[in-house]
Amino acid sequence: MPQAIITCDPDSLDLAREELKEAAPDAQIKGALESGVRLVEFSESYWVVAEKWREQPPIFIRHVCPVQMTIPLKGTPQDLDELLQGVAMEFNELIDPELSFSIQSRVFPKDYPLKPFDINTPIADFIHESTDAPLDVRAPQQILSVVIAQNPPVAYLGLSPTILNISDWAGGMRRFKQEPEQISRAEFKLLEALEIFKIELPERGLVLDLGAAPGGWTRVLRQRGQYVTAIDTAVLDDRLKGDKGIRFLKMTAQAYLKDEPDKFDLIVNDMRMDARDSARLMASYAKHLYSHGVALMTLKLPTEGRRPLLDETFQILRKAYTIGGARQLFHNRSEATVYLKPKSPR
């Protein structure tokens with residue numbers, strides 16, 4: 001039976017299971033490999049399901065990879081020889097030499113003697129020497145996934161086109177380097193959202209940042225040459241003072257809306273409020289986006305009743321926007337990020 005490994009936030013396993021059942025009603029979860037990581041078995045082709053998710057990415061499943069080979073291991077450094085033999089036997093002929101590749105490994109047993117680097121480098125060197133396929137860890141076109149889990153350890157290996165993994169990153173774990181000037185970890189959410197939804201910011205664009213304090217998103221947008229109107233009742237970080245590209249208004253987003261605000265290329269909203277109230281506010285702001293403009297917002301999710309709340313929230317947003325995408329990003333916690341495009345006025 002075809003198998004795969006799916007990954008999600010551990011607190012969203014119930015929602016990930018719903019998405020799995022929607023895409024593959026007969027799929028069965030066969031085991032937990034780690035918190036938020038599940039081994040899944042399909043009655044139909046795994047590739048049919050992966051293609052569904054390529055066309056319409058799920059919100060809560062962050063990453064998926066096929067399992068085409070399992071290798072029992074002994075938990076010693078010599079396990080690397082077993083992995084290399086398995087790659088030679090199963091995957092050398094499957095690797096397309098015309099396409100770039102990468103090895104993505106995840107090692108879950110804490111005391112396992114091999115770390116991802118110890119696995120990735122020798123396997124990548126072996127594949128490159130055997131097939132002449134170019135190694136590209138930043139933008140590979142095909143990925144050999146290696147997941148080591150359980151006790152005694154077992155390796156799960158699978159090769160797939162990158163576009164069928166939902167995320168380019170192992171387990172969907174998109175990491176960014178922390179900068180000395182970073183104001184808040186919320187900056188990572190915006191960086192990931194811009195990348196996931198492939199949002200290209202216009203040159204010298206006009207951005208409205210609702211609930212901007214302490215200013216992490218404003219800082220990221222200024223780094224990218226945007227002129228930001230930042231709205232909040234709290235103050236921005238001192239490091240943003242004196243930046244002439246920032247117009248800070250100490251007021252609520254609701255009050256600014258009554259002032260007939262300007263039009264913007266992008267509106268962002270990371271405010272902590274009920275998702276439905278936040279959606280109503282964003283719907284009111286839709287008319288203040290240029291026709292080519294887009295919006296990004298995070299929806300804060302409760303511990304219970306998240307699916308009905310999301311459905312209601314999306315219904316509110318669809319009155320003013322087309323939902324271009326919705327994902328629980330790696331840097332989201334109890335929330336999801338939504339990408340919006342304003343509807344043309346009738």
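I take helices (H or I, at least four residues) and strands (E, at least two) as DSSP runs, numbered from the N terminus. This is a predicted model, in which local features need pLDDT of at least 70 and side-chain atom pairs count only at pLDDT 80 or more, while totals for chains, interfaces and linings use all residues. Residues are numbered from 1 along each chain as its sequence is written, and side-chain values use heavy atoms, with hydrogens and water left out.

I then looked up the cover of helix 6, which spans residues 216-223, and found six of its eight residues buried (under 20% relative accessible area, with exposed over 50% and partly exposed in between, for a 1.4 Å probe and protein chains only). The buried ones are Gly 216, Trp 217, Thr 218, Arg 219, Val 220 and Leu 221.

Next I listed what these buried residues pack against: helix 5 (186-196), and strands 9 (206-210), 10 (227-232), 11 (246-250), 12 (264-269) and 13 (289-300), where contact means heavy atoms within 4.5 Å.

Of the contacts with a separation of 6 or more, 66% come from residues 24 or more positions apart. The C-alpha atoms fill a box of roughly 70 × 45 × 35 Å along the principal axes.
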